[in-house]
Amino acid sequence: MLHVHSVLLFFTAAPKSAKILCCKETRVMSSEDDTGGEAPSGSFWEPGNYKRTVKRVDDGNRLCNDLVSCFQERAKIEKSYAQQLTDWSRKWRTAVEKGSQYGTLEKAWHAFMTAADKLSEIHLEVRNRLAGEDSDKVKNWQKEAYHKQMIGGFKETKEVEDGFRKAQKPWVKKLKDVEMSKKNYHAARKEEKTAQTRENHAKADSSVSQEQMRKLQERVEKCAQEAEKCKEQYEKMLEELNRYNPRYMEDMEQVFEGCQEAECKRLCFLKEMFLDLHNHLNLSTNDSFHALYRDLYQGIMAADDQEDLKWWRNTHGPGMAMNWPQFEAFSSKLILMHMFADMTKSGSEYLKIYLRQNYVALVEWSLESQRPISRKEKSGKSGEDVTLTSIIPAGDGVKQTPPQTKQSGGKEEISEWSDEDTPKKCLEVNGHEEDIKVPGVRVRALYDYAGQEADELSFKAGEELMKISEEDEQGWCKGRLHTGQVGLYPANYVEKVVL
């Protein structure tokens with residue numbers, strides 16, 4: 001009876017908007033006030049307040065999406081930084097190569113660009129893990145934890161909400177009965193108070209008859225009886241509610257614990273993801289990162305000022321070799337050198353460019369190593385005739401086709417080949433092409449040769465091929481490589497293999 005009286009006092013003093021709590025609930029709320037303060041919108045046990053826990057399920061799915069978006073942006077930052085490192089390295093590597101720095105210090109400078117390229121690769125690897133491996137891991141877990149419904153929302157959200165509603169429905173019905181009985185009891189007490197006031201006023205008024213006083217007294221007694229009846233009903237409803245409270249709390253706890261278990265899985269998974277992200281972003285544990293800066297340091301320390309000064313002395317200073325003037329006997333090589341000098345002075349711009357690029361190679365080219373152009377020329381031309389075939393330029397590798405130079409009767413005749421003309425095409429125009437088939441003869445390349453046209457072969461010195469046609473008037477033969485490719489090559493670039 002004391003318990004009921006305490007509950008009654010609580011409801012009597014509380015306004016309509018006050019929370020309806022049993023004694024146990026009051027103790028629970030007191031402990032919550034001590035630890036963290038009361039929830040802003042009321043107790044979990046009040047009707048409908050479980051919706052905050054239901055909403056947490058949807059929030060968990062949304063937080064997974066936010067996590068993916070967050071680190072997708074970080075992945076873009078990593079990619080942008082890697083690209084900037086690569087661009088910086090490419091720009092300054094070219095600048096240093098073309099600049100005036102030389103020797104071991106130039107290599108040390110290049111070490112910074114090499115380190116930047118390696119660091120770019122590391123950050124690209126980080127980006128790939130963030131945007132690929134980590135994002136996929138979150139999405140796969142999210143797909144397993146949250147199942148979408150055809151009508152919208154998630155299956156887990158609906159199950160939790162249905163569980164709370166089912167657990168709370170009987171208690172809410174009893175709570176409504178308590179509210180109704182409380183309302184009736186308070187109205188009866190109000191009527192009783194009004195009747196007592198009227199009776200007291202009538203006693204002070206001498207004009208009120210005895211009959212009227214009797215009616216007023218009967219009214220007071222009737223209101224008092226009605227109030228007692230409502231009180232009994234009110235107390236009865238409260239007792240039923242309090243008896244049901246343990247069952248209500250148990251059912252709600254059961255649904256809530258299911259939510260807590262699912263939320264625990266989400267929290268543990270996100271913690272695990274944060275650790276993975278930390279490992280991927282923490283370059284201090286990356287062996288490649290440490291090796292990068294270790295190599296850079298070694299590259300810087302390898303710079304040697306004395307070695308650089310010695311190199312400059314030997315390359316651009318007094319240590320350079322010098323071809324001091326000496327007596328030179330007459331030779332055909334000197335004729336070739338003077339001929340090139342005259343051509344350079346009077347020849348076309350195309351020929352000047354070609355001779356400048358190939359001067360060293362042509363001077364070192366021994367006339368004794370040249371094979372005669374053809375059998376006809378052996379018998380019909382003097383020993384002073386020379387034919388120039390394609391030689392790979394020793395300069396910047398620009399593709400050039402040398403001119404054909406002939407000397408006849410003391411006159412010079414220079415015919416230039418354009419980029420579109422090949423020796424074979426020139427022969428076809430002049431009508432002198434001969435393609436004499438011969439049995440396959442094994443020959444070995446004396447020099448490297450890179451084909452200048454689509455119908456020419458390319459080979460390295462020492463490589464063997466099959467000669468399948470005799471040399472034409474322009475000094476070209478047809479051959480077949482070991483790969484099966486058939487094409488033309490300069491005859492004086494090979495020698496017959498002696499078995």
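A residue counts as buried here when its relative accessible area is under 20%. The model is a predicted one, and Val-68 sits in its helix α3. Setting aside neighbours within four places in sequence, Val-68 is in contact with Ser-135, Val-138 and Lys-139.

What does Thr-53 touch, once residues up to four places away in sequence are not counted? The list is Phe-44, Phe-164, Phe-256 and Cys-259.

Stepping back to the whole chain, the secondary structure comes to twelve helices and seven strands. Of the 499 residues in the protein chain, 35% are buried. Take the contacts between residues at least 6 apart in sequence: 68% of them join residues at least 24 apart. The accessible surface of the chain comes to about 31,800 Å², and carbon and sulfur atoms account for 54% of that.

Now for the helix packing. Helix α4 (residues 103-145) and helix α7 (residues 287-301) have axes that come within 9 Å and cross at roughly 175°. Angles over 145 degrees count as roughly antiparallel, and α4 and α7 are therefore roughly antiparallel to each other. On the α4 side the contact is made by Ala-108, Ala-111, Phe-112, Ala-115, Lys-118, Leu-119 and Ile-122. The α7 side brings in Ser-288, Phe-289, Leu-292, Tyr-293, Asp-295, Leu-296, Gly-299 and Ile-300. Sorted by type, the residues of this contact come out as eleven nonpolar, two polar and two charged.

Helix α4 also meets helix α6 (residues 210-281), where the axes come within 11 Å and cross at roughly 170°. That angle makes α4 roughly antiparallel to α6. From α4, the contact uses Val-126, Arg-129, Leu-130, Glu-133, Asp-134, Lys-137, Val-138 and Trp-141. From α6, the contributors are Lys-265, Arg-266, Phe-269, Glu-272, Met-273, Asp-276, Leu-277, His-280 and Leu-281. How do the residues of the contact of α4 with α6 divide? There are eight nonpolar, one polar and eight charged. Val-138, which takes part in this contact from α4, is also in contact with Val-68.

Strand β5 (residues 476-480) and strand β6 pair in the antiparallel sense over five bridges. Five residues lie between the strands of this hairpin, and Gly-484 takes a positive phi near 100° there. Strand β6 (residues 486-490) is mostly covered, with four of its five residues buried.

Pro-490 is found in β6 and is the bridge partner of Trp-476. Is Pro-490 buried or exposed? Its relative accessibility is 0%, so Pro-490 counts as buried. The C-alpha atom of Pro-490 is separated by 9.8 Å from that of Gly-451, a residue 39 places away along the chain.

Note on methods:
Residues numbered from 1 in each chain as written. Predicted model: local features only at pLDDT ≥ 70, side-chain atom pairs only at ≥ 80, totals over all residues. Heavy atoms only, no water. Axes fitted to C-alpha atoms, helices over the stretch in contact; angles between N-to-C directions. Helix = DSSP H or I, 4+ residues; strand = E, 2+ residues; numbered from the N terminus. Parallel < 35°, antiparallel > 145°, perpendicular 65-115°, else oblique. Contact = heavy atoms within 4.5 Å. Nonpolar A, V, L, I, M, F, W, Y, C, P; charged D, E, K, R; others polar. Buried < 20%, exposed > 50% of the residue type's maximum accessible area, 1.4 Å probe, protein only. Pairing = 2+ DSSP bridges. Areas by Shrake-Rupley, 256 points an atom, 1.4 Å probe, with all protein chains shown as cover.
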